[in-house]
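Work through the following exercises with the coordinates open, and try each task before reading its solution.

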Amino acid sequence: MNNWITKTADELAQALAAGEVTSVELVQAHLDRIAAVDGNADAGLHAFLHVDAEGALAQAKASDERRAAGTPASYLDGVPIAVKDVLATQGVPTTCASKMLEGWIPPYDATVVAKIKAAGLPIIGKTNMDEFAMGSSTEHSAYGPTRNPWDQTRIPGGSGGGSAVAVAAYEAPLALGTDTGGSIRQPAAVTGSVGVKPTYGGISRYGLVAMANSLDQVGPVSRTVLDSALLHELVGGHDPLDSTSLTDEPTGFVEAAREGAKGDLTGLKVGVITELQGDGYQPGVMARFTESLELLKAAGAEIVEVSCPNFTHALAAYYLIMPCEVSSNLAKFDAMRYGLRVTPAGDPSAEDVMRASRAAGFGDEVKRRIIIGTYALSSGYYDAYYGQAQKVRTLIQADFAAAFEQADVLVSPTAPTTAFKLGEKLDDPVAMYLNDLATIPANLAGVPGISLPNGLADEDGLPSGFQIQAPAHSDARLYKVGAALEALLEKGWGAPLLSQAPEIEEVRA
Ligand code: GLN
């Protein structure tokens, strides 16, 4: 028997085209998997906040009918996908993992959701995340954390822990995430999956509930580099509904991935960022990183060291700019238009209702950021904090520009450590923020980045991630170099959840 859940999206697309399987069978296989391993807030992976079995099966049936008629809507028509709960899905709950939006059913689709629907990908469900995408561990979800399939006492990364775990644990072959400071790449790193943050503007943000507009990007999550390229081409491109979306055609990613998989990187200059290694990085993560560099070298790449001195200030700048945008974006959750409304006793004024609703609807991390952002934007402090941070942002952009004069791509570990224990950093916001050290610069500069698994750290046997960054508009390079490294790496880094799914071990063996 074929174990469909372990196949890549590319393999599934081929199997569908060859008539070896139907979309209904694929959706059902993944729904069965979810029923077996996803559990709930108390136990199990809890990658999903909402599973739309009925909707997904109906979309799958329609897909099978298109296939039968010889009119598939796209190469991936019929391949199931999971969607982060920060993206609006018409008729399907969208909570951003917040009590504030509990019960909200969007009347419209985000552009990316409309695109995957038009391309025929059944949406299996909405994935768990840190509330309003603020966090690095998915522990700030108001509905309970997601657990890492490699070790369920550990965090799956964040904010997009749900999307990463859904693909890592074979609950979905593909997922959409969002990345404001690393929320696609860091969860990919700690779960052993692949995640891409495209060039800013490369994928529409329309219908993405904004965290920090100048940093947010939607991007693909998958188990292989090629699968992310396939999804990126599908959802990318200009959207008249998003004035920041680029006019670049989303093409050449799949071709670049297929080319890269041949493993020849002759002539490529790879820049190792001095500031994103060493102190603070787990030895096992550094060991895998160094090995990956050796592989790139053996494939013909030239490795050079480049310094980006202002990256040491990236975290500080991000934690001013992002909360400023957060405080402004989240002002709209005022209990008047939609979402939670708490009405205090007596004869409350509109302001009393807003205060009570925001107090009850937002979690601690969200409140923390609203307070920081409001403070930093207030008169008298604006220039000292927000203005300074924007200047640092410009310096970081200049660092990237200078580094890309010396190298075609820049590389680093994606995250300084492997997955830490649930609860370990929950009471220490700064320790939590440090997880994003290596991913934040790309968001501040708008450049694209990919994380792919590059082995298991020796200390704990948990996945580590390799980050590749390219100049803006050069996302194809991520796919070429990523696919090359993926092909070169030993395939032996194992599969999650083997004890619970021995049949997967058999399929892989
Ligand atoms: N972990 C980062 C933060 O807490 C990034 C979040 C994200 O990319 N959405 O802000």
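**Exercise 1. Determine which strands pair with E5, and how they run.**

Solution. The model is a predicted one. Begin with strand E10, which spans residues 449-456 and is joined to E5 by 3 bridges, the two strands running antiparallel. Within this pairing, Gly195 stands opposite Ser451 in E10. Turn next to E6, which also runs antiparallel to E5 and is joined to it by 2 bridges; here Gly195 stands opposite Val221.

**Exercise 2. Sort the residues of E5 by the way they point.**

Solution. In a regular strand, side chains alternate between the two faces of the sheet. Accordingly, Val194 and Val196 point one way from E5, while Gly195 and Lys197 point the other way, and all of them are buried.

**Exercise 3. Is Arg205 buried or exposed, and what does its side chain meet?**

Solution. First locate Arg205 in the loop between strand E5 (194-197) and strand E6 (217-222). Its relative accessible area is 12%, and because the cut-off for buried is under 20%, Arg205 counts as buried. Then leave aside the neighbours within four places in sequence: Arg205 is in contact with Tyr200, Asn213, Asp216, Gln217, Asp242 and Thr244. With Thr244, the side chain of Arg205 forms a side-chain polar contact of 2.9 Å.

**Exercise 4. Describe the surroundings of the ligand.**

Solution. Count 16 residues around the ligand, the closest being Thr180, Gly181, Ser183, Tyr318 and Arg369. Then examine atom pairs: an oxygen atom of the ligand is 2.8 Å from an N or O atom in the side chain of Arg369, and a nitrogen atom of the ligand is 2.9 Å from one in the side chain of Ser136. Finally, the ligand taken alone exposes 300 Å², of which the protein buries 100%.

Methods. Residues numbered from 1 in each chain as written. Predicted model: local features only at pLDDT ≥ 70, side-chain atom pairs only at ≥ 80, totals over all residues. Heavy atoms only, no water. Helix = DSSP H or I, 4+ residues; strand = E, 2+ residues; numbered from the N terminus. Buried < 20%, exposed > 50% of the residue type's maximum accessible area, 1.4 Å probe, protein only. Polar contact = N/O pair within 3.5 Å; in protein donor to acceptor, adjacent residues only side chain to side chain. Contact = heavy atoms within 4.5 Å. Pairing = 2+ DSSP bridges. Near = heavy atom within 4 Å. Areas by Shrake-Rupley, 256 points an atom, 1.4 Å probe, with all protein chains shown as cover.
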